Amino acid sequence: MTTSNEKGNAKNIANALLLIEFIIELGTTYNPTNSKLSLSNLQSIHQLAAFQQQQVNALLAPYALAVDNRELIFSSLNKKVTKLHNVLKTTEGITKLQLEDFMTIARRIKGKRLSKINPEEGTTHHSISQLSYDQRTNNFDILISFLINTPNYNPNEIEFQLDALQQFKIQMLQATEVTNTTYIALNKARSLKNDTMYRSQNNLVDTFNKAKIYLLTIIEAETLQHKSISNIIFRKI
């Protein structure tokens, strides 16, 4: 999986290596007074950023798979609730008031349709979506409690029986837990990578842009080398 932001990060890292290669070719001609622009420091920044980007890439797939698995489990919830309503309507002795109570809980479960989390979206979106999944799970638990306390509710169909509903709730909880665990790991890796590339005092983009300015200063204008270096772009994502 490669998202637009990860492509942008990878481009910055690739361009950093390209600029380093130009500097190596210049040899002793490249001699800035700013130690942060030294070849060894640039190489250290590049190596760290490349490693951290690999860490992010390795964690993207587990998170995406967890998101997809939870989406698959929750996608059947609304239909399940509708079927449970029909089962309840055919149960002996069920009153109109009990059906209304069931529908009150059912409406909370169905609510607004949840949008699938994009692995590249930020913490705010994840937190809002997470809250929605938690609320649906909690309301389904309330629905199970309602059925437990409903006299004569004892369907023959296994999928509507209380044990099966409890197992489904456990699947919902486990899917959410895996999603959270993989998200936390991914978010931590991204934060470390973003510090190295964009936020720290010695971040890749700012440091390599300064090195680029120095290179363009010491290399004759109108040369092919000058033009090639000019075309190397470092952008904050």
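Modeller: Start with Thr196, which is found in helix α6. Helices here are DSSP runs of H or I with at least four residues, strands are E runs of at least two, and both are numbered from the N terminus. This is a predicted model: local features need pLDDT of at least 70, side-chain atom pairs count only at pLDDT 80 or more, and totals for chains, interfaces and linings use all residues. Residues are numbered from 1 along each chain as its sequence is written, and side-chain values use heavy atoms, with hydrogens and water left out.

Colleague: Fine. Is Thr196 buried or exposed?

Modeller: Thr196 is buried, at a relative accessible area of 10%. Buried means under 20%, exposed over 50%, and partly exposed in between, with a 1.4 Å probe and protein chains only.

Colleague: Which side chain does Thr196 pair with in a polar contact?

Modeller: Gln52, at 2.6 Å between the side chains. A polar contact is a pair of N or O atoms within 3.5 Å; within protein, one must be able to donate a hydrogen and the other to accept it, and residues adjacent in sequence count only if both atoms are side-chain atoms.

Colleague: And what else is Thr196 in contact with?

Modeller: Leaving aside neighbours within four places in sequence, Thr196 is in contact with Ile45, Leu48, Ala49, Gln52, Asn202, Asn203 and Leu204. Contact means heavy atoms within 4.5 Å.

Colleague: Now helix packing. How do α2 and α6 cross?

Modeller: Their axes come within 8 Å and cross at roughly 160°. Axes are lines fitted to C-alpha atoms, for helices over the stretch in contact, and angles run from 0 to 180 degrees between N-to-C directions. So α2 and α6 are roughly antiparallel. The classes are: under 35 degrees roughly parallel, over 145 roughly antiparallel, 65 to 115 roughly perpendicular, and the rest oblique.

Colleague: Which hand is the crossing of α2 and α6, left or right?

Modeller: Left-handed. That is, the near helix is turned anticlockwise from the far one by less than a right angle; clockwise would be right-handed.

Colleague: What about α3 and α6?

Modeller: The axes of α3 and α6 come within 13 Å and cross at roughly 160°. That makes α3 roughly antiparallel to α6. The crossing is left-handed.

Colleague: Which residues meet there, between α3 and α6?

Modeller: From α3, Leu77, Lys80 and Leu84; from α6, Leu165, Phe168 and Met172.

Colleague: On to the core. How many residues are in the largest one?

Modeller: The largest nonpolar core has 25 residues, and Leu84, Phe102 and Phe140 have the most contacts inside it. A nonpolar core is a set of buried Ala, Val, Leu, Ile, Met, Phe, Trp, Tyr and Cys residues joined through side-chain atoms within 4.5 Å.

Colleague: Which helices supply it with at least two residues each?

Modeller: α2 (39–75), α3 (77–89), α4 (96–110), α5 (123–148) and α6 (162–199). α5 gives the most to this core, with 6 residues. Apart from it lies another core, of 24 residues, including Leu26, Tyr30, Leu42 and Val205.

Colleague: Back to Leu84. What does that residue touch?

Modeller: Phe102, Phe140, Leu143, Leu147, Tyr153, Phe160 and Leu165, not counting residues up to four places away in sequence.

Colleague: Next, loops. Where is Thr150?

Modeller: Thr150 sits in the loop between α5 and α6. Thr150 counts as buried, at 5% relative accessibility. With residues up to four places away set aside, Thr150 touches Leu88, Ile94 and Gln98.

Colleague: And Asn152, buried or exposed?

Modeller: Exposed, at 54% relative accessibility. Asn152 is found in the loop between α5 and α6 too. Phi of Asn152 is near 75°, a positive value in a residue other than glycine. Most residues other than glycine have a negative phi.

Colleague: What is phi at Glu222?

Modeller: Near 70°, again positive in a residue other than glycine. Glu222 lies in the loop between α7 and α8 and is exposed, at 80% relative accessible area.

Colleague: Last one: Thr223. What does its side chain reach?

Modeller: A polar atom of the Thr223 side chain lies 3.1 Å from the backbone nitrogen of His226. Thr223 is in the loop between α7 (204–218) and α8 (224–230). Thr223 is partly exposed, at 29% relative accessible area.
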